[in-house]
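Dear colleague,

Here is the structure I said I would pass on to you, and my notes follow below it. Please read them with the model open beside you.

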Amino acid sequence: MRRTAMSKEHHNGSFLDSSLSSEQRRKEQEARQSIVLWGKPVLTLQYFFLETLTNAKEWTIKLWHRRRIVVSLLLLLALLTSTYYIEGAHQRYVQYMEKKLLWCAYWAGLGILSSVGLGTGLHTFLLYLGNPAYKMAPDFDAESHA
């Protein structure tokens, strides 16, 4: 794996030009903050597409440097796909794993939806509150009849 050395002026993806005065930096920052979709839609979309192309290029280079891992994952995916579609005695295990994976994906999806403010909270109740409530229900029932 190759790593390139970075100068002290290059921090977290942003290049700090030491030749710029603080006034110039402030003006550039204000100009960047004034670029909004509703104010300058064409310029904003142009910057979006340029940034997308830049990111795609960087990701392609990173994937190329890790091509062994990429090829290994593609071969594993091809093997799992062929196992899924070829009939045989292994299909009961495939169906079992499919059922478990879909169940996990369902709960993970509920958790993600809940974390962004969507959903009913059912999964939170079942995971965190349901079991203690179920265990305490007989105690409450016994007290109400006493």
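Thr44 counts as buried because its relative accessibility is 18% (buried means under 20% relative accessible area, exposed over 50%, and partly exposed in between, with a 1.4 Å probe and protein chains only). Thr44 is found in helix H2, helices being DSSP runs of H or I of at least four residues, numbered from the N terminus; leaving aside neighbours within four places in sequence, Thr44 is in contact with Ile35, Val36 and Leu37, where contact means heavy atoms within 4.5 Å.

This is a predicted model, in which local features need pLDDT of at least 70 and side-chain atom pairs count only at pLDDT 80 or more, while totals for chains, interfaces and linings use all residues. Residues are numbered from 1 along each chain as its sequence is written, and side-chain values use heavy atoms, with hydrogens and water left out.

Trp38, by contrast, lies in the loop between helix H1 (22-33) and helix H2 (41-65), and counts as exposed because its relative accessibility is 77%.

The structure also holds two salt bridges, a salt bridge being a side-chain nitrogen of Lys or Arg within 4 Å of a carboxyl oxygen of Asp or Glu. Glu23 and Arg26 meet in one of them (2.4 Å, N to O), and both lie in helix H1, three residues apart. Arg26 also forms a salt bridge with Glu30, with the closest N and O atoms 2.4 Å apart, and these shared partners join Glu23, Arg26 and Glu30 into one network.

Key. Helices (H or I, at least four residues) and strands (E, at least two) are DSSP runs, numbered from the N terminus.
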